[in-house]
Amino acid sequence: MGLIGFGIGLGLVVLELGLRLAVPMLRPAPRAIEPIGGASAPIRVLCVGDSHTYGLWVKTEESYPARLQAKLSTGPRQFAVLNAGVPGMNSSQLRDTLPDLLDSFAPDVVLLMVGVADFWNRAGAQTKEVRSWRWILRGGEWWDRSRVVKLARLIRFNLRYRSAVRNAGVPIVEHGGLDWKIHGGTHEISGTHEGSFYYPAEEEEVVRRVLRRDLSTMASAIQARGVTLVLMTYAPEVPLYRTINGVYRDVAQQTGLPLIDLGRRLAEWSEPPGQTSAYFPDFHPRPAGYELIATVVAEALPVYVESSRR
């Protein structure tokens, strides 16, 4: 048994090294962005996340996805920007619902900004996996960096969720109390929040670990579909948000995933006097803040789209 265990372990190490050397050939190439329906069809951009994507406290047309749609409509390419943000959604809930969102709305690009609700909404977070001996046993974040693990996830998602050509509709998000639903496309996706606003300082590392794990899983799901993933930090560069933004920067640096760093691009607006005009007291963006976000994203997004077409 010992020899068998040693052989399996050695085989996994060899496979890991081989995958690291051959990753450019084995990684699924992003689907060349040529929208469903031909060149004249719009490029579908799915914005996923929490209340900062949904547009809490502002009108629907003042959210960043709506403003992004308006800005992109003046360019040479056609875009359809879909807002699937859910107030209070944490990264684990998005991880679990993302395959259905991809299947339902068939996006060409996903803009992902989630994580700050992880501090209070623990629904589906499975924090036991990232605590003490379990975290050490799994190899910490090295588990999520492993090429063997990523390949297994890609195979799983490809077998479970097969790409389909669909003329998906516009997401309609309903929420009230602790329950939420996303209607549209081919699915009705629902969930609930399990919130507690108590987050001791020692929980900050747990939140980081949960978010790293969830981002790794979501990246595998999106890449398995050949969809272009763009990570986004939050615009406020203040406590709690700064913690989450740091995880996004680390993940982008480690994986090479494209990142729109709103926190750094809009850092001056996190300080007075601009802070009061860009954000509400709870740091949700005001209409002026969403205008700033949409401007930065509208400048960066076409670059990633063009690079994916090559």
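# A first look at this predicted model

At 2% relative accessibility, Val 207 counts as buried, where buried means under 20% relative accessible area, exposed means over 50% and partly exposed lies in between (1.4 Å probe, protein chains only). This is a predicted model, in which local features need pLDDT of at least 70 and side-chain atom pairs count only at pLDDT 80 or more, while totals for chains, interfaces and linings use all residues. Residues are numbered from 1 along each chain as its sequence is written, and side-chain values use heavy atoms, with hydrogens and water left out.

**The chain as a whole**

- The protein chain has 12 helices and 8 strands; helices (H or I, at least four residues) and strands (E, at least two) are DSSP runs, numbered from the N terminus.
- Of its 310 residues, 51% count as buried.
- Among contacts in the protein chain with a separation of 6 or more, 79% come from residues 24 or more positions apart; contact means heavy atoms within 4.5 Å.

**Around Val 207**

- Val 207 is found in helix α8.
- Beyond its neighbours within four places in sequence, Val 207 is in contact with Asp 118, Phe 119, Arg 122 and Ile 244.
- Val 207 and Asp 118 are 89 residues apart along the chain, yet their C-alpha atoms are separated by 6.2 Å.

**Helices α4 and α8**

- Helix α4 (residues 91-105) packs with helix α8 (residues 204-224) at an angle of about 5°, and their axes are 9 Å apart.
- Axes here are lines fitted to C-alpha atoms, for helices over the stretch in contact, and angles run from 0 to 180 degrees between N-to-C directions.
- The two helices, α4 and α8, are therefore roughly parallel to each other; angles under 35 degrees count as roughly parallel, over 145 as roughly antiparallel, 65 to 115 as roughly perpendicular and the rest as oblique.
- On the α4 side, the contact includes Ser 91, Leu 94 and Leu 98, and on the α8 side it includes Val 210, Arg 213 and Asp 214.
- Sorted by class, this contact has 8 nonpolar, 3 polar and 3 charged residues; Ala, Val, Leu, Ile, Met, Phe, Trp, Tyr, Cys and Pro count as nonpolar, Asp, Glu, Lys and Arg as charged, and the others, Gly among them, as polar.

**The enclosed strand β1**

- All is buried here: 7 of the 7 residues of strand β1 (residues 43-49) are buried, so this strand is largely enclosed by the rest of the structure.
- Ile 43, Val 45, Cys 47 and Gly 49 point one way from β1, while Arg 44, Leu 46 and Val 48 point the other way.
- Strand β2 (residues 79-83) runs parallel to β1, and 5 bridges join them; two strands pair if DSSP finds at least two bridges between them.
- Arg 44 stands opposite Ala 80 in β2.
- Strand β3 (residues 109-113) also pairs with β1 in the parallel sense, over 5 bridges, and in β3 Leu 112 is the bridge partner of Val 48.

**The sheet β4-β5-β6**

- An open sheet is formed by 3 strands in the order β4-β5-β6, with antiparallel pairing.
- At the edges stand β4 (172-176) and β6 (189-192), each with a single partner strand, so one side of each is left without a neighbour in the sheet.
- Neighbouring strands of this sheet are turned by 10° against each other on average, direction ignored.
- Strand β5 (residues 179-183) is joined to β6 by 4 bridges, and the bridge partner of Trp 180 in β6 is Gly 191.
- Helix α4 lies across β5 and β6, running at about 20° to β5.

**Salt bridges**

- The structure holds 16 salt bridges, each a side-chain nitrogen of Lys or Arg within 4 Å of a carboxyl oxygen of Asp or Glu.
- Glu 205 and Arg 212 meet through their side chains in one of them (3.8 Å, N to O); Glu 205 is partly exposed, with a relative accessible area of 32%, whereas Arg 212 is buried, at 13%.
- Asp 214 and Arg 213 form a salt bridge (3.1 Å, N to O), and both are buried.
- Another salt bridge joins the side chains of Glu 237 and Arg 249 (3.1 Å, N to O).
- That pair links distant parts of the chain, with Glu 237 in the loop between β7 (228-232) and α9 (241-255) and Arg 249 in helix α9, 12 residues apart.
- Salt bridges that share partners join Glu 204, Glu 205, Arg 208, Arg 209 and Arg 212 into one network.
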